[in-house]
Amino acid sequence: MAQLTYRASVSLAIAQSMRKDQKVFFIGEDVGAAGGVFKATVGLLEEFGKERVMDAPISEQAILGAAMGAAMTGLRPIAEIMFSDFLAVCWDIVANQIAKTRYMSDGQINIPLVIRTANGGGSKFGAQHSQSLENWSMMIPGLKVVAPSCPSDVLGLMDSAVKDPDPVIFYEHKSLYALKEEIEQTDISIPIGEANTLHEGKDITIIGLALMAQRAKEAALILKDKHDINAKVIDLRSLVPLDLQTIKKSVIETGHVLTVEENPRLCGWGAEISSLISEHCFKNLKGPVTRVTTPHVPLPSADILEDNTIPSVELIVNEVIKKLKGE
Amino acid sequence: MVEKLNDDIGEEKRLQLWELMLKLRLVEKKAYDLFLQNLIKGTSHLALGQEAIAGAFGVALKKGDYTFCTYRGHAHTLARGSSIEGVLGELMGRQCGLMKGKGGSMHLTDVDKGVMGSYAIIGAHLTIANGTALASKYNKTNEVSVCFFGDGTTNIGAFHEALNMAKIWNLPIVFVCENNLYMEYTPIHEVTAVEHPAADRAGAYDLDKIIVDGNDADEMLRTAEKAISKAREGKGPSLIEAKTYRHSGHSRADPGKYRPDEEVKDWMENKDPIKNYRAKLLDFNINEKIISEIEEKIKDQVEKATEISIASPIPEIKEIYTDVWANGGSEWHN
C-alpha cells in the first residue's frame, strides 16, 4: 500500500508502460531534464535516457507529427502537449491527420499513440491556460477521449491508452495533480469506455468527468448528510468510447439527471449525454435533464472570478436540491 | 555531347527512369480524360510536367523506404510501384482503388509500397515524415523517409517546425520542394521574402542550399541519390529545391490563365522533362526501337488498367461505417 498523488501516478504510469514495451517512447516540451512544468514526468529521463524521453522544441505540430509518423510504423509514442489550450496550434495534426488517416487509408494505417495534456481550470492561469477541452476532441471521429479523475484511474487508463491501437487524447486535470490516493497495486489496467461509480444512490444521477466528477462526489456526500438525498455519481472517465449502458441503467433507476461540465455551455459534452438520454430513456425521466457548466465565457483569472465561473460543490448541491425539491 | 562522357547513370537505369516518367505522364493524362468523361468526380491536382522529380526518387529509393506527398500525389504514388488501377480506381471511387474509395485523389496511400499517404493540408506531412524517420533512427534500421511538397508550403509554420526538428535530431529524411513557380494561383515570388522559397531558408536550419533543375531527369536522379545516401548513412536531413512547372492548372477547376502564354509555351516546348529525356536517350545512342517499345508497353498498361478500373464495382454502402477504429468499426458508445 502506497500513497500516490495524481501527479506521481502520471510519471509512474508512463514508466510502467515504457518498462513493459520497448516500442513506447515519450516526447514533449520540458518533459525530460526539467521533469515537466507540472513535475508529472520527473525521473523518466534518468530511467530511460534521451533516446526514449525526448525534450522537444516549442513546436507542437512537429511534436505531434513526429509522434504520428512513428506510430504509423508501429511504435507507441506518448506525446505531451503542455497545456490542452495549445492543442489549438496543432489541431490540424490532431483533427485532420491523426484522427482521419486510418479511415482515409481504408485501414492500412494504425496510429497507436497517446497525447497527454494538462487540462482544466483552478490555477488562476487565465483564459489560455485553463480550458477544459475534452469536447473539442470528442466531436472528431477517430479520437478516443480519456479524462481520469484520480491517481488509480491515471494508472489504469494510461496503461490501456498506451496499449490501445487507436489514438487516445489523455486529459489530465491540473487541479487534481495534488490529489492523493492509497493504492495497493500500481501496475493496473482499466478498460477505456467503462464509467466508474463514485457514489451510490437512487434519487438522482449526477454525471461528471475529471475534476467535476470529484466535485460531484463531494456534493453527493453533502446531499446525503444534510439533505437526505441519495445521488448516484457517475465518473465517465472517457467520452469516446462512451459507457452509455451505465448511464442508462442509472437513469432508469433515478429518473433525474444532472451533468456537470467544466467547459462553456454551448456544445459541451453534457449536451450529447442529454440528447442520448432523451432518445434512450425518455419514458424513465421524471423531469428535464439539466446541465451545470461554466457560463458561455472565456475563463477569467482573478480568484473570485475564476472560482465563480467553474462549477463548485455548492452549486452542484444547490442544483440538485432545486431539481428534486423545487427549492 | 559532353553528357556522353559522363554516363554515370548507365543505360539500364536511364531506361528505368524513362519508363517510370512516361507512366506518370500517361496515367495523369488518362486521369484528365476520365474527368472529362465524368468518370472521376471531385477534384484532382495533376503533376503533368513535374514527372522527373517523382520519377527520379522512384528509381533512387529502396523497398522499405517511406514517402509522403501532397494532394498532387498521383505521380509520387505510382513512382513507388503502386498499380495503375489502384490509383485510377481510387480516383473513380471503385473497389479496386488503393483505399476502395475511402480517401480519393488527395489521399492516395499504399503502405505496402512505402507510400505513407498523400496529405491535403499544406505542411502537415513534413512533420509526420519526421516521425517515420524518427522511427528508423529509434529502431536502428536504415530506411530513408522522403517528403515531397510544393513551393507554397515553405510559407507555413509546419515547414519550419519540421526542418528544425529534423536537423536537431539528425533524422534520415529528404525534404523535396517542387517549386513549380506558383502557389495555387499566385506567383510564389510575389508572396515570399526570398528568391528561392525552400533553398534560401535552408541556412536557417544549418542545411545545405540545394537547387536543381527538376525537369532534368538525370540531374534530379543524381541529386536524389546523393541526399538519400546521406540520410541512409546517418548524416542527417537534406532540403532540395527542384525547379519545375506544371503543364495544367492548380486543380481540375483551374485553367491556369494567370500564367503568361509565353511562359507556358517555353516550359511546354523547351523544358518538358519527358520530351527532353527521350531526346537524351537518343543522344546516348539508345536504340529508338527500345524507346518505342517502352512507349507502347506503357500505353497498353494504362489502357488495361483503365478497363479494369471501369469494370471494378463501386464500394458497398456499409463501407461508410468501417475502419474508423482498429477494430474495423465506427462505434463510439456501448
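A:Y177 is buried, with a relative accessible area of 2%. The model is predicted, and a search of the whole structure finds 14 aromatic pairs over all chains.

**Aromatic rings in chain A**
- A:Y177 and A:F38 are stacked, because their ring centres lie 5.3 Å apart and their planes are at 25 degrees.
- A:F38 sits in the loop between β2 and α2 of chain A and A:Y177 in the loop between β7 and β8, so the pair ties together parts 139 residues apart in sequence.
- A:F38 is also buried, at a relative accessible area of 16%.
- Ring pairs join A:F38 and A:Y177 with A:Y6, A:F83, A:F86 and A:F125 in a cluster.

**Aromatic rings in chain B**
- B:Y182 and B:Y258 form a tilted pair, 5.6 Å centre to centre with 50 degrees between the planes.
- B:Y182 belongs to strand β5 and B:Y258 to the loop between β8 and α10 of chain B, 76 residues apart.
- B:Y182 counts as buried at 6% relative accessibility, whereas B:Y258 counts as partly exposed at 26%.

**Charges over rings**
- B:R259 lies over the face of B:Y182, 5.9 Å from the ring centre.
- B:K102 lies over the face of A:Y103, 4.4 Å from the ring centre.

**Helix α9 of chain B**
- The helix has 16 residues (217–232), so at 1.5 Å a residue it should span 22 Å, which agrees with the 22 Å between its end C-alpha atoms.
- At its start, a side-chain oxygen of B:D216 comes within 3.2 Å of the backbone nitrogen of B:D218.
- Its buried residues include B:M220, B:L221 and B:I228.
- Just after the helix, B:G234 has a positive phi of about 80 degrees.

Note on methods
Residues are numbered from 1 along each chain as its sequence is written. Chains are lettered from A and ligands numbered from 1 in the order in which they are written. This is a predicted model: local features need pLDDT of at least 70, side-chain atom pairs count only at pLDDT 80 or more; totals for chains, interfaces and linings use all residues. Side-chain values use heavy atoms; hydrogens and water are left out. Helices (H or I, at least four residues) and strands (E, at least two) are DSSP runs, numbered from the N terminus. The expected span of a helix is 1.5 Å times one less than its number of residues. Buried means under 20% relative accessible area, exposed over 50%, partly exposed in between (1.4 Å probe, protein chains only). A polar contact is a pair of N or O atoms within 3.5 Å; within protein, one must be able to donate a hydrogen and the other to accept it, and residues adjacent in sequence count only if both atoms are side-chain atoms. Rings of Phe, Tyr and Trp (its six-membered ring) pair if their centres lie within 6.5 Å; planes under 30 degrees apart count as stacked, over 60 as edge-to-face and the rest as tilted. A charge sits over a ring if NZ of Lys or CZ of Arg is within 6 Å of the ring centre and within 35 degrees of the ring normal.
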